[in-house]
Amino acid sequence: MTAVFAGFLAEAGVTTVHTVSADAASDRALATWDGRRITDLAVAADHDDAQAVLVPETALHTTPLLAELEDRLGKPVLTATAVTVRDALEQAGAAPECAGLGALFARNARRPRSSSAS
């Protein structure tokens, strides 16, 4: 599934430079992960050549960790939930700004046209 998703991103102009798998039995299992385990996954997913780290799993409770993860990794961390909410807000014409939710919701955040993610 990871390779299929990386192919989907490639079609959109996003280069995947590194991937890791959570190797979880189910979404239900992922939903039990604590902040330390989620942080470990994000750190493992990071790569020096990546402009951002993508965590495309909605079952992980990442929202409270976004600012901390970005501080630790030194780059934006894009999660399935955060990206979905930001896009929905933009589609509704709302300003998607919210302190503490990382670069995606920072004031004057802009979307790159193409990039590399890990």
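Ala80 has a relative accessible area of 16% and is therefore buried; buried stands for under 20% relative accessible area, exposed for over 50% and partly exposed for the range in between, with a 1.4 Å probe and protein chains only. The model is predicted, so local features need pLDDT of at least 70 and side-chain atom pairs count only at pLDDT 80 or more, while totals for chains, interfaces and linings use all residues. Residues are numbered from 1 along each chain as its sequence is written, and side-chain values use heavy atoms, with hydrogens and water left out.

Ala80 belongs to helix α5 (residues 80–91). Helices (H or I, at least four residues) and strands (E, at least two) are DSSP runs, numbered from the N terminus. With residues up to four places away in sequence not counted, Ala80 touches Val55, Pro56, Glu57 and Thr58, where contact means heavy atoms within 4.5 Å. Val20 is 60 residues from Ala80 along the chain, and the C-alpha atoms of the two are separated by 16 Å.

The second largest pocket has a volume of about 550 Å³. Its lining comprises 23 residues, of which Thr2, Phe5, Val20, Ser21 and Pro56 are the closest to the pocket centre. On a 1 Å grid over the protein atoms alone, a pocket is an open set of points where a 1.4 Å probe fits, with protein on both sides within 12 Å along at least five of seven lines; lining residues have an atom within 4 Å of a point. Grid points are joined across faces, edges and corners, and the volume is the space filled by probe spheres set on the points. Two or more lining residues come from each of α1 (2–11), α3 (35–45) and β2 (53–55), and α1 gives the most, with four.

One aromatic pair was found in a search of the whole structure. The ring centres of Phe5 and Phe8 are 6.1 Å apart and the planes are at 25°, so the pair is stacked; rings of Phe, Tyr and Trp (its six-membered ring) pair if their centres lie within 6.5 Å, and planes under 30 degrees apart count as stacked, over 60 as edge-to-face and the rest as tilted. Both residues lie in helix α1, three residues apart, about one turn of the helix. Phe5 is partly exposed at 32% relative accessible area, whereas Phe8, at 52%, is exposed.

In α3, the buried residues are Ile38, Thr39, Leu41, Ala42 and Ala45. Seen down the helix axis, they fall within an arc of 160° and so line one face of α3; the arc is that of the directions from the axis to the C-beta atoms. The cover over these residues includes β2 and α4 (66–73).
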